[in-house]
Amino acid sequence: MKRQYIYLLILAALTIPLFLPLGLKHQVTDEVEKFYQTIEDLPPGSTVMVSFDFEASTIAETKPLAQAVLRHLFSRRISVVSLSMLAEGTGLGHSFLKEVADEFGRKYGADYVFLGFRPQYQATILGLGEDFAKVFPQDYLRNNLSDLSLTQKVRNYEGISLIISVADGDLPQYWVDYAQTRFQKPVAAAVTAVMATSYYPYLSSGQFSGLVGGLKGAAEYETLLGKAGLGSKGMEAQSLGHLMIIALIIIGNLAHLRTRKKI
Amino acid sequence: MDFSTTVAAILSLFIFSFLYRDNPFYKFAEHLLVGVSVGYFLVISIDNVLVPKIADRLLRQNDWSVIVPLLAGALILARLIPKWSRWSQLALAVVIGVGAGVAIPATLQAQILTQMKATMFSFIPPENSIGWLYILERIVILLGLTSVLAYFFFSKEHRGVFGTYARIGTYFLMIFFGATFGYTVMSRLSLLIGRIQFLLGDWLGFLN
């Protein structure tokens, strides 16, 4: 079979459910439930640090993850201090944060702050533990941190109840290495599916307070929030795509066995 | 459908055209991506780092202490001039020395000691867990850890009982590779779904 036919079959499997929903339900896994419960257990008025550690190429996964987590935080009146460890995540992170904050009528400076980007994650993560203003004298919008009510109140990790890394790479590991080991801060991660297997040992060891992986994780999180979003919408297409790939693998192997017998 | 969405959609289609065969449209979009990414990184770095951390402190706050890291950073650029290149080693020595000093204790604690502690066999299940399932999980973790370590232990020949145990490690590795590959397929499909949603929904308006 020409590879172009395989592409067309996959395209059809992914497109049809977008027009004709199959009504599949998502079963919530323990790791996503744990992530959700960690946020549920935070008292209203707490502050959470959300780090957008991803690049534009993975937006299809990281956007649903970031939106689901931010919706949960803002719905519980939890303040958010946010930043990005990757340059490309800066503009995206700010737009996601603003979009969800506006949805819940949250005010910039009082309910959420976006610090911006700094290179050198080691120095940044350690520096934030000492004083936010030393690492970010001004936020992304060029406001002095001393002029914003949230960063007047929360000046370093002491005021942070949880650190969440929305990532497509190995940044969550560095949050564990430096923010957790040095400052004993709980860390949770919402990562792309391709990274999820690397992080299960952190969940098992208790270094992560929760793990949400890929579009499936985002869909599970949306189920817990009771509001369908980008994750749920994409999961039906994902499920049919998986079935198509499994079918193609079986057909390919059967065809291979048949040709081998002939030889 | 606004202009920027149309530009993004057309560029996505240019990239997808590679699925048929390599062509000038794909090449154009690929080169544009590289150029825009570098440009964006440069602008963000100047705007978020060089301006607030150096220019503002030097020019607005008259904080001359930033001259020291600025000169140290500039020394790295000395590599570009062969005659002065050895001076860059001074700055690199600081970067490597400080970096290693910061990273080694943190990594040792987080990646080795805590992970080792988590694999220690404990018969006491935590609250709200099914006792026998918890113990089974611990056995699997311990077996997986030790057998994979045995597989990567090359100072002893993989024969007899040790060889069999090391082979068990390869099965654990295969399961890990399979799971990782499965997640990778899932991740790549998600990216494609995202693009389809963008093209059919945001661009053409066919999806709700």
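A:Arg71, A:Glu103 and A:Lys227 are joined in a network of salt bridges, a salt bridge being a side-chain nitrogen of Lys or Arg within 4 Å of a carboxyl oxygen of Asp or Glu. The model is predicted, so local features need pLDDT of at least 70 and side-chain atom pairs count only at pLDDT 80 or more, whereas totals for chains, interfaces and linings use all residues. Residues are numbered from 1 along each chain as its sequence is written, chains are lettered from A and ligands numbered from 1 in the order in which they are written, and side-chain values use heavy atoms, with hydrogens and water left out.

Over all chains, a search of the whole structure finds 11 salt bridges. In general, side chains of opposite charge can pair when their charged atoms come close. In chain A, A:Asp102 forms a salt bridge with A:Lys98, with the closest N and O atoms 2.9 Å apart. Because A:Asp102 and A:Lys98 are four residues apart in helix H4 (residues 87–103) of chain A, about one helical turn separates them; helices (H or I, at least four residues) and strands (E, at least two) are DSSP runs, numbered from the N terminus. A:Asp102 is partly exposed at 43% relative accessibility, and A:Lys98 is partly exposed at 38%. Here buried means under 20% relative accessible area, exposed over 50%, and partly exposed in between (1.4 Å probe, protein chains only).

In chain B, a salt bridge connects the side chains of B:Lys27 and B:Asp22 (2.8 Å, N to O). B:Lys27 is partly exposed at 36% relative accessibility, and B:Asp22 is partly exposed at 42%. Another salt bridge pairs B:Arg60 with B:Asp56, the closest N and O atoms being 3.9 Å apart. B:Arg60 and B:Asp56 lie about one helical turn from each other because they are four residues apart in helix H2 of chain B. B:Arg60 is exposed at 68% relative accessibility, whereas B:Asp56 is buried at 10%.

Between the chains, 47 residues of chain B are in contact with 55 residues of chain A, contact meaning heavy atoms within 4.5 Å. About 4100 Å² is buried between chain B and chain A, 63% of it on carbon and sulfur atoms; buried area is the accessible area (1.4 Å probe) that two parts lose on being put together, summed over both. In chain B, the residues that lose the most area to chain A are B:Tyr183, B:Met186 and B:Ile193, together 14% of what that side buries. One salt bridge is counted between chain B and chain A. A:Arg142 forms a salt bridge with B:Asp47, with the closest N and O atoms 2.7 Å apart. Helix H2 (24–60), helix H4 (85–119) and helix H6 (160–203) of chain B are the elements that give two or more residues to the side touching chain A. H6(B) supplies the largest share of that side, 18 residues.

Within chain A, S5(A), helix H9 (residues 193–204) and S6(A) make a right-handed β-α-β unit; a crossover is right-handed if, with the strands pointing away from the viewer, the path from the first strand over the helix to the second runs clockwise. Strand S6 (residues 208–213) of chain A is mostly covered, with six of its six residues buried.

A:Gly231 is found in helix H11 (residues 230–262) of chain A. A:Gly231 is buried, with a relative accessible area of 0%. Leaving aside neighbours within four places in sequence, A:Gly231 is in contact with A:Pro64, A:Leu215, A:Ala218, A:Ala219 and A:Glu222.
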